[in-house]
Amino acid sequence: MIRSITRKKPDEELDRLLENQDRVFIFGCGTCTTLTNTGGAEQVQAMQEYLASKGKLVTGSTVLPVACDNLTHEGLRAFSGQINQASALVIMSCAFGVQNIASQLQKMVIPALDTLFIGKETGVGQFNEVCTQCGTCVLGETGGICPVTACHKGLINGPCGGTNNGKCEIDKNKDCAWTLIYNRLAEIGQLDLMKRFQPPRNHQGEPSPGKILLEG
Amino acid sequence: MASKFKQALDQGKFVVTSEVAPPKGVNLEKMAHHIELLKDKVDAMNVTDHQSSVMRFPSLGAALMVKEMGGEPILQMTCRDRNRLALQADLLFAHQRGINNVLCLTGDSVVLGDHKTAKGVFDLDSSQLVAAVRKLEKGKDMAGNELDGAVSFCAGAIVTPEANPIQPQLIKFEKKIEAGAEFIQTQAVYDLENFKNFMEYARQFPVKVLAGIILLTSAPMARFMNKNVAGVTVPQEFIDEMASAPKGGAIKKGIEIAGRQIKQIVEENICDGVHIMAIGKEELVPDIMAAGGLL
């Protein structure tokens with residue numbers, strides 16, 4: 001299952017965002033941010049203690065089952081008293097959850113996390129981005145490995161000169177996407193696909209901002 | 001008319017290129033000094049484009065200066081900082097001002113440079129940039145629109161013969177040639193036996209190859225490159241040789257090694273020329289050339 005992968009914002013940034021907010025309510029999310037240990041029950045508890053140490057009054061907290069879900073309003077209603085006492089909402093979900101909550105409450109929202117990418121858990125505590133939703137899928141020519149996402153530069157004609165020992169120039173722990181693609185295509189006897197010159201990409205393949213209206 | 005550099009390539013001359021590094025700032029004195037020193041000694045000077053993703057005086061401006069001072073510039077263009085509109089516009093300008101050689105590069109990641117939070121563009125890759133040059137030469141832009149006045153360039157690209165694994169690099173190399181690259185400059189090659197194998201393969205393509213020679217300045221510098229520079233492997237024997245140099249004599253030793261390599265390349269007719277990278281010590285290029293029997 002794909003997840004929204006998040007990382008906690010630096011304390012200094014959070015402190016700045018909360019500068020003029022004395023009473024806060026904290027939301028966590030029982031789905032993606034629980035999986036990534038960024039917005040589950042434990043992290044919400046830790047946030048509560050951190051904010052208290054900074055002299056904030058925490059009016060309450062809850063871990064919504066799915067912050068981005070349509071049923072979130074039920075959860076909001078259940079805590080309406082404590083929410084109303086707060087001047088700002090500290091939200092430990094992905095940006096989708098933050099926007100969902102913001103659209104339903106007339107309150108200042110403060111994301112406690114940065115949303116990094118849509119990815120999957122590929123090992124315990126390891127999350128990998130597999131798709132950037134570019135709208136121009138090339139997987140059919142790359143053995144099912146996405147260079148738009150997995151190559152740091154998004155190159156579609158093969159590796160750059162920075163690859164070293166099969167790793168990416170920006171991080172020795174990251175595989176070079178084009179080494180992976182080469183190996184995969186070699187395995188399945190389809191190297192000719194890699195030899196085909198790919199014209200420049202359509203960088204407008206994704207309707208930005210994304211919006212699709214099905215006809216009929 | 002073909003560029004002087006292209007004429008040299010086409011005549012089968014053993015071609016020598018070096019580098020000019022634009023400064024970080026507007027003081028062009030040192031660069032002017034290097035241009036003056038080298039312009040009549042080498043066949044062309046590559047002007048680096050925000051080398052290592054460090055913001056500097058633009059390669060286009062520096063290439064223009066080489067031209068104005070009577071040298072032969074090779075404009076390096078990376079795909080890192082400009083989208084296809086800006087790249088094409090720069091090519092139009094370069095041509096119009098008499099800069100007729102271009103080296104098409106993907107470019108290092110911005111993450112490695114001094115503006116780490118910048119947006120890396122990579123709208124095109126190096127092979128697509130070569131193809132774009134060829135299209136502009138036919139009087140059309142990349143979108144297929146007619147140009148009022150076309151360009152003409154001697155276009156090149158790079159290859160890393162010591163990359164690991166090499167096969168994906170070779171596929172990209174072939175694509176660059178297919179896209180229209182006329183010359184190839186290589187990343188530094190120290191292991192000439194390995195390079196000979198590469199050249200045996202490269203000779204089947206209609207492209208001139210210039211071997212990259214990076215001056216070794218000390219044993220620690222050689223070890224640093226092995227550890228940190230992708231696709232560069234300095235053999236242990238060279239590191240030992242550098243370490244054996246008497247105190248203060250390391251650079252002399254480095255020049256000697258580079259000279260020896262150039263001599264072997266010339267004597268064994270391994271490739272079509274050399275691209276000498278003295279990385280900040282451009283004033284030593286004539287010494288390297290002399291050591292290699294080129295002056």
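Lys24(B) sits in the loop that runs between β1 (15-20) and α2 (29-38) of chain B, where helices (H or I, at least four residues) and strands (E, at least two) are DSSP runs numbered from the N terminus. This is a predicted model, in which local features need pLDDT of at least 70 and side-chain atom pairs count only at pLDDT 80 or more, while totals for chains, interfaces and linings use all residues. Residues are numbered from 1 along each chain as its sequence is written, chains are lettered from A and ligands numbered from 1 in the order in which they are written, and side-chain values use heavy atoms, with hydrogens and water left out.

**Confidence**

- The model has an ipTM of 0.95 and a pTM of 0.95.
- For chain B the average pLDDT (the predictor's confidence in each residue, from 0 to 100) is 97, and 100% of the residues score at least 70.

- Lys24(B) is partly exposed, with a relative accessible area of 48%; here buried means under 20% relative accessible area, exposed over 50%, and partly exposed in between, with a 1.4 Å probe and protein chains only.
- Leaving out residues up to four places away in sequence, Lys24(B) touches Val54(B), Met55(B), Arg56(B) and Asp114(B), a contact being heavy atoms within 4.5 Å.
- The side chain of Lys24(B) makes a polar contact of 2.7 Å with the side chain of Asp114(B), and it also reaches the backbone oxygen of Met55(B) at 2.6 Å.
- A polar contact is a pair of N or O atoms within 3.5 Å; within protein, one must be able to donate a hydrogen and the other to accept it, and residues adjacent in sequence count only if both atoms are side-chain atoms.
- Pro58(B) lies 34 residues from Lys24(B) along the chain, with 9.4 Å between their C-alpha atoms.

**Helix α3 of chain B**

- Helix α3 (residues 59-68) of chain B is mostly covered, since seven of its 10 residues are buried, among them Leu60(B), Leu64(B) and Met65(B).
- These buried residues pack against β1, α2, β2 (44-47), β3 (73-78) and α4 (84-96) of chain B.
- After α3(B) comes Gly70(B), which has a positive phi, near 90°.

**The loop between β4 and α5 of chain B**

- Thr106(B) is placed in the loop between β4 (101-105) and α5 of chain B, and is buried at a relative accessible area of 7%.
- Beyond its neighbours within four places in sequence, Thr106(B) is in contact with residues of both chains, including Lys153(A), Leu155(A), Cys160(A), Phe122(B) and Lys172(B).
- Val111(B) is also found in the loop between β4 and α5 of chain B, but counts as partly exposed at 33% relative accessibility.
- Not counting residues up to four places away in sequence, Val111(B) touches His152(A), Ile170(A) and Lys116(B).

**The interface of chains A and B**

- In this interface, 31 residues of chain B are in contact with 30 residues of chain A.
- Between chain B and chain A there are 18 residue pairs in polar contact, both at pLDDT 80 or more.
- On the side of chain B that touches chain A, the elements giving two or more residues are α5 (126-137), α6 (167-179) and α8 (219-228) of chain B, and α6(B) gives the most, with eight residues.
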